[in-house]
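Open the model in your viewer and keep the selection panel handy.

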Number of protein chains: 2
Amino acid sequence: MSATSAEPEEQVGLRERKKARMRESLMESALRLFHENGYQRTTTEEIAACAGVSQRTFFRYFGSKEDVVLEAVEDVDEHLFASLADRPADEPPFTALRNAMVDHWEYLRRGPLHLKGSAMGMVADSPELIEVNMRYCHRRQHRLARAVGERTGVDPATDPRPGVLAAVFLSALATGHQAWCASGSHDKERLLGAFLDRLDLVPEVVEGPWSPPVPSPG
Amino acid sequence: MSATSAEPEEQVGLRERKKARMRESLMESALRLFHENGYQRTTTEEIAACAGVSQRTFFRYFGSKEDVVLEAVEDVDEHLFASLADRPADEPPFTALRNAMVDHWEYLRRGPLHLKGSAMGMVADSPELIEVNMRYCHRRQHRLARAVGERTGVDPATDPRPGVLAAVFLSALATGHQAWCASGSHDKERLLGAFLDRLDLVPEVVEGPWSPPVPSPG
DNA sequence: TGTGTTTTGTCAGCCGCTGACGTAATATTC
DNA sequence: GAATATTACGTCAGCGGCTGACAAAACACA
């Protein structure tokens, strides 16, 4: 084909450009098909065909079908980490994480991540993807621990605190996510509310005895 | 309908007995092969052959290869829940969980669960199984939340606290488990130590600012 | 333009997993 | 003890995820 007229300004070369575009194309095809037909009912051959390549090529770009979802989630996480770095330095780690989540949500609300931004919502729609998401939570946790470590000046390799904080934070999020799924709601704002409810509960839940069983009206 | 109460005895019948034995046989074959050759390199056909049945029969007893590991872990969890119920009623929930873990370990130390008891250690040996374990952590979390709910008289369906506590507890355990794997240690006692270290860190990590970065020697 | 490297499609194949169907083992009834 | 219905099992065929190997096409560099 042509394309020889386009002069790449950067040193990255035409090849890597194509690779990046192919990767984006495959991910977009996959996420769209997942959204339309469901994760389970979408085959890797369909994804490849939708992107105009062979199945083998799909597996050269993504290690597995699950990896597509994972990478979308990780791209979204990336911005959460940026939000964390932007929080004032005097905020305690856990508080900073909570507030970064609020900032992050405000960013997602403006929708610059289009399909990827809805990846988490997509996960909610199909129980299979919840497990897929779970499967990778230790990868997310490692990345978050690193971000927490950078913020606090603590090395996650020698100090267990960043890892513990990351794990606790993500597990509380997961609980909120599950409750949101169970409620059948599709309102993204309610999802943030569920997140914050659980996060705010963590200190009280691990500290001392609990207040009376059910303070709700009966 | 037929009169199934021909025999009022609690005799479950030969058939169900055989089913139970077959199930045990398959699980034992699987766990032993996993232990010897690794999870990945053990095929479901080998498991079936080891138990003297066809592959199809294996899949009639277990929904997936992963399920075998999951059920082993759940069997072990079962006793953790019992230990939790035995803790004094005046212990706060998180403390009770922590201490139940210690009791539970003492039980495992006596080795009545033989192969199943080593399932968690097996998980440590193969990175693939860590992901398998992760995949099911929300199932474990639900069961633990129920146990916590029973102990505290709180309904997990309406009060989010049991779910949050269960999630935080298990995620802290997972962190300890990962650290233990990373250290390359195969000493089970060190694993318990890693668990307790992380659990004891949780309150301090979510509460306020952190103490100086790294108090350890350089 | 020609040469060496990277990327792709095709093919073959393993493995996890499932539906369908016939058969053997078990339980029930006479 | 024979006839019956019920249940478990083996065999077979097949799908979908995933991988190695090889040849052809696309690209980079000179």
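Are α8(A) and α9(A) parallel or oblique to each other? Before you select them, a word on the model: it is predicted, so local features need pLDDT of at least 70 and side-chain atom pairs count only at pLDDT 80 or more, while totals for chains, interfaces and linings use all residues. Residues are numbered from 1 along each chain as its sequence is written, chains are lettered from A and ligands numbered from 1 in the order in which they are written, and side-chain values use heavy atoms, with hydrogens and water left out.

**Stop 1: two helices of chain A**

Select residues 127-135 of chain A for helix α8 and residues 137-152 for helix α9; their axes come within 4 Å and cross at roughly 45°. Helices here are DSSP runs (H or I, at least four residues), as strands are (E, at least two), numbered from the N terminus. Axes are lines fitted to C-alpha atoms, for helices over the stretch in contact, and angles run from 0 to 180 degrees between N-to-C directions. α8(A) and α9(A) are therefore oblique to each other; angles under 35 degrees count as roughly parallel, over 145 as roughly antiparallel, 65 to 115 as roughly perpendicular and the rest as oblique. Now show side chains: A:Asn133, A:Met134 and A:Arg135 of α8(A) meet A:Cys137, A:His138 and A:Arg140 of α9(A), where contact means heavy atoms within 4.5 Å.

**Stop 2: where the chains meet**

Next, show chains A and B together. Here 47 residues of chain A are in contact with 46 residues of chain B. The two chains bury about 4,000 Å² between them, 67% of it on carbon and sulfur atoms; buried area is the accessible area (1.4 Å probe) that two parts lose on being put together, summed over both. Pick out A:Arg135, A:Arg161 and A:Trp210, which supply 20% of the area that chain A buries against chain B, more than any other three residues.

**Stop 3: helix pairs in chain B**

Select residues 137-152 and 161-183 of chain B, helices α9 and α10, whose axes come within 8 Å and cross at roughly 125°. α9(B) and α10(B) are therefore oblique to each other. Among the residues making the contact are B:Leu144 and B:Val148 of α9(B) and B:Phe169 and B:Leu170 of α10(B).

Then move to helix α5 (residues 93-109) and helix α11 (residues 188-206) of chain B, which pack at about 180° with their axes 11 Å apart. That makes α5(B) roughly antiparallel to α11(B). The contact includes B:Phe94 and B:Trp105 of α5(B) and B:Phe195 and B:Leu199 of α11(B).

**Stop 4: back to chain A**

Select A:Gly117, in helix α6 (residues 114-117) of chain A. A:Gly117 touches A:Val76 and A:Leu108, not counting residues up to four places away in sequence. A:Asp77 is 40 residues from A:Gly117 in sequence and 9.9 Å away in space, C-alpha to C-alpha.
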